[in-house]
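My entries follow the structure.

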Amino acid sequence: MTDALGWRRKFGVIAPSTNTIVEPDFYSMTVAGVTAHFSRIHIRNQDLSDDANFENLLVQIRSEIGSACERVLTCEPDYMVMGMSAETFWGGVEGNREFVRQIHEITGLEVATGAEACERALNLYGARRIGVVTPYQPIGDANVVRFFGEIGFEVANIEGLKCPTAVSIAHVTEPELRRAILAVNAPDIDAIVQCGTNLSMVRLADEAERWLGKPVIAINAATWWMALRENNITDKVYGAGTLLRDF
């Protein structure tokens, strides 16, 4: 039998319990016949005020992610999507591969991650020198720089917003994000990447591409794009950037 609403694909999505942005973002970019079904990782301590606390968030994610995957499997999804990004950059390329292997071993399904989605998007645009905006502490930024460096991209500028808690990431305003975009931009920057799935930047990235004249990759848009295209769903989505509109 075919699912009445997810008749093309049902995506199982894993997100932290503190994240209030990625779920509505994914819903806003969905297309007919595709549904997203969220399972939450319980974040008991959302303090991100320094590097040690930021690492503790990842410890919590690692201890809970297996259970979150098992819960969402009960709706029989066709494909997995990671609604979080820090863990997908952690440890560079090998860290990302190990993370994907872990999810595949638990679920038996293929998986879209923010890190791999950004890699695919940057290669598609032919970008090499990039600016990056994150909500992270310095240790998170260092792992983002490491990942991109290992796959052949130069992070020329990075703006880590150092959000003090996991929930406060969603409180970053559009003017603050606009300033961050401009801070990492320069004439020799080929593209701008935004990390952190709880930052609300899909709509702003779409606008920024027009006034900067270059790709601005919001991680939620990139991850959703990868999930759709990996499942041979080529529908255009408008208002979420050139990736979903043109590729």
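Entry 1, domains. I find the protein divided into domain 1 (9-113 + 221-236) and domain 2 (116-219); such bounds come from an automatic or database domain assignment. The model is predicted, local features need pLDDT of at least 70, side-chain atom pairs count only at pLDDT 80 or more, and totals for chains, interfaces and linings use all residues. Residues are numbered from 1 along each chain as its sequence is written, and side-chain values use heavy atoms, with hydrogens and water left out.

I looked up the spacing: the C-alpha centres of domain 1 and domain 2 lie 19 Å apart. The contact between them takes 33 residues from domain 1 and 34 residues from domain 2, where contact means heavy atoms within 4.5 Å.

I took helix 5 (residues 114-125) and helix 9 (residues 219-230), whose axes come within 8 Å and cross at roughly 85°. That makes helix 5 roughly perpendicular to helix 9, a term for 65 to 115 degrees, with under 35 roughly parallel, over 145 roughly antiparallel and the rest oblique. The axes are lines fitted to C-alpha atoms, for helices over the stretch in contact, and angles run from 0 to 180 degrees between N-to-C directions. Helices (H or I, at least four residues) and strands (E, at least two) are DSSP runs, numbered from the N terminus.

From helix 5 I list Gly 114, Glu 116, Ala 117, Cys 118, Arg 120, Ala 121 and Leu 124, which meet Ile 219, Ala 222, Thr 223, Trp 225, Met 226 and Glu 230 in helix 9. I sort the residues of this contact into 8 nonpolar, 2 polar and 3 charged. Ala, Val, Leu, Ile, Met, Phe, Trp, Tyr, Cys and Pro count as nonpolar, Asp, Glu, Lys and Arg as charged, and the others, Gly among them, as polar.

On a 1 Å grid over the protein atoms alone, a pocket is an open set of points with protein on both sides within 12 Å along at least five of seven lines, a cavity is a set where a 1.4 Å probe fits but cannot get out, and lining residues have an atom within 4 Å of a point. Points are joined across faces, edges and corners, and a volume is the space filled by probe spheres set on them.

I find 14 lining residues in this pocket, with Asp 25, Ser 200, Met 201, Val 202 and Arg 203 nearest its centre. Helix 1 (22-28) and helix 8 (202-212) each supply at least two, and helix 8 gives the largest share, 3 residues. By class I have 8 nonpolar, 3 polar and 3 charged. Each of domain 1 and domain 2 provides at least three residues of the pocket lining.

I find 2 cavities of 30 Å³ or more. Helix 2 (51-73) supplies the largest share, 3 residues. Both domains contribute at least three residues each to the lining of the largest cavity.

For the second largest cavity I note about 50 Å³ of space. Its lining includes Tyr 125, Glu 209 and Leu 243. Strand 8 (216-218) has the largest share, 3 residues.
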